[in-house]
Amino acid sequence: MELNIRGDKVTVTKAIKDYIEDKISKLDKYFDNSKKITATVIIRVRNDEQIIEVTVPTNKFTLRAEEKHVDLYAAVDLVVDKLERQIRKNKTRLNNKYKNIVQLDINTDFEVAENEEDIIRVIKRKNITTKPMDEEEAILQMELLNHDFFVFKNVDEECVSVMYKRRDGDYGIINVK
């Protein structure tokens, strides 16, 4: 797998780059043609935490994981473990969804422990009625409810919108047209 490693306000040393390449190369066994895949690795520092974000785009899907730790090397280990869990956990779903597709990019010939193939299902369904409001009122409602997101009819955009709280404390919005 090709790696595009860059630091956001961090200098990526040769030792860090070698460590990341060594750890992420463990994921090569899950891909049929890993030489054609280019993963993007971004390293950031926020306060005393080292943040590593890895994105692996393939033909049909994208794997992404992010981890924080005070030690960068521990964060690398955690993010690789998280990506490996994602692949192993979703093996059956990937097989079922893309069973007729020849070029899937992922090798599904590996054993999965019974507890790794947990059945994921919708356990709660909620119908909501929304009143038209602007983004400021949506933020207020979301804060009053103490939720991480809020669905509303956006009067400014004339669509349904999802307001969400980002990790950095700011807000994001998704408009459904």
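The following legends accompany close-up views of a predicted model.

**Figure 1. Overall organisation of the chain.** The chain contains 4 helices and 8 strands. Read along the sequence, these elements are arranged in the pattern β-α-β-β-β-α-α-β-α-β-β-β. Of the 177 residues, 32% count as buried. Among contacts with a separation of 6 or more, 39% are between residues 24 or more positions apart.

**Figure 2. The buried side of helix H1.** Helix H1 spans residues 14-24, and within this helix Ile16, Ile20 and Ile24 are buried. An α-helix has 3.6 residues a turn, so residues three or four places apart point the same way. The cover over the buried residues of H1 includes strand E1 (2-8), strand E2 (38-46), strand E3 (49-57) and helix H2 (72-89).

Figure 3. Glutamine 50 is located in strand E3. With a relative accessible area of 18%, this residue is buried, because the limit for that class is under 20%. Neighbours within four places in sequence being left aside, glutamine 50 contacts Arg44, Val45, Glu67, Lys68, His69, Val70, Asp71, Leu72 and Ala75.

Figure 4. Aspartate 77 and lysine 23 form a salt bridge in which the closest N and O atoms are 3.7 Å apart. Distant parts of the chain are linked by this pair, as aspartate 77 belongs to helix H2 and lysine 23 to helix H1, 54 residues apart. Aspartate 77 is partly exposed, its relative accessible area being 27%. The count of salt bridges in the model comes to 13.

Figure 5. Lysine 82 pairs with glutamate 67 in a salt bridge, with 2.9 Å between the closest N and O atoms. This pair also joins distant parts of the chain: lysine 82 is in helix H2 and glutamate 67 in strand E4 (residues 62-69), 15 residues apart. Lysine 82 is partly exposed at a relative accessible area of 25%, whereas glutamate 67 is buried at 17%. Glutamate 67 is also one of the residues in contact with glutamine 50.

**Figure 6. A network of salt bridges.** Salt bridges link Arg44, Glu53, Arg64, Glu66 and Arg167 in a network. Within this group, glutamate 66 forms a salt bridge with arginine 64, and the closest N and O atoms are 2.9 Å apart. Glutamate 66 counts as buried, with 11% relative accessibility. Arginine 64 is partly exposed, with a relative accessible area of 37%. Arg44, another member of the network, is among the contacts of glutamine 50.

**Figure 7. Loop residues with positive phi.** Lysine 9 lies in the loop between E1 and H1. Its phi is near 65°, a positive value in a residue other than glycine. Lysine 9 is exposed, with a relative accessible area of 83%. Glutamate 158 is found in the loop between strand E6 (149-154) and strand E7 (159-165). Although glutamate 158 is not a glycine, its phi is positive, at about 55°. Glutamate 158 counts as exposed, at 72% relative accessibility.

How values were computed
Residues numbered from 1 in each chain as written. Predicted model: local features only at pLDDT ≥ 70, side-chain atom pairs only at ≥ 80, totals over all residues. Heavy atoms only, no water. Buried < 20%, exposed > 50% of the residue type's maximum accessible area, 1.4 Å probe, protein only. Helix = DSSP H or I, 4+ residues; strand = E, 2+ residues; numbered from the N terminus. Contact = heavy atoms within 4.5 Å. Salt bridge = Lys/Arg side-chain N within 4 Å of Asp/Glu carboxyl O.
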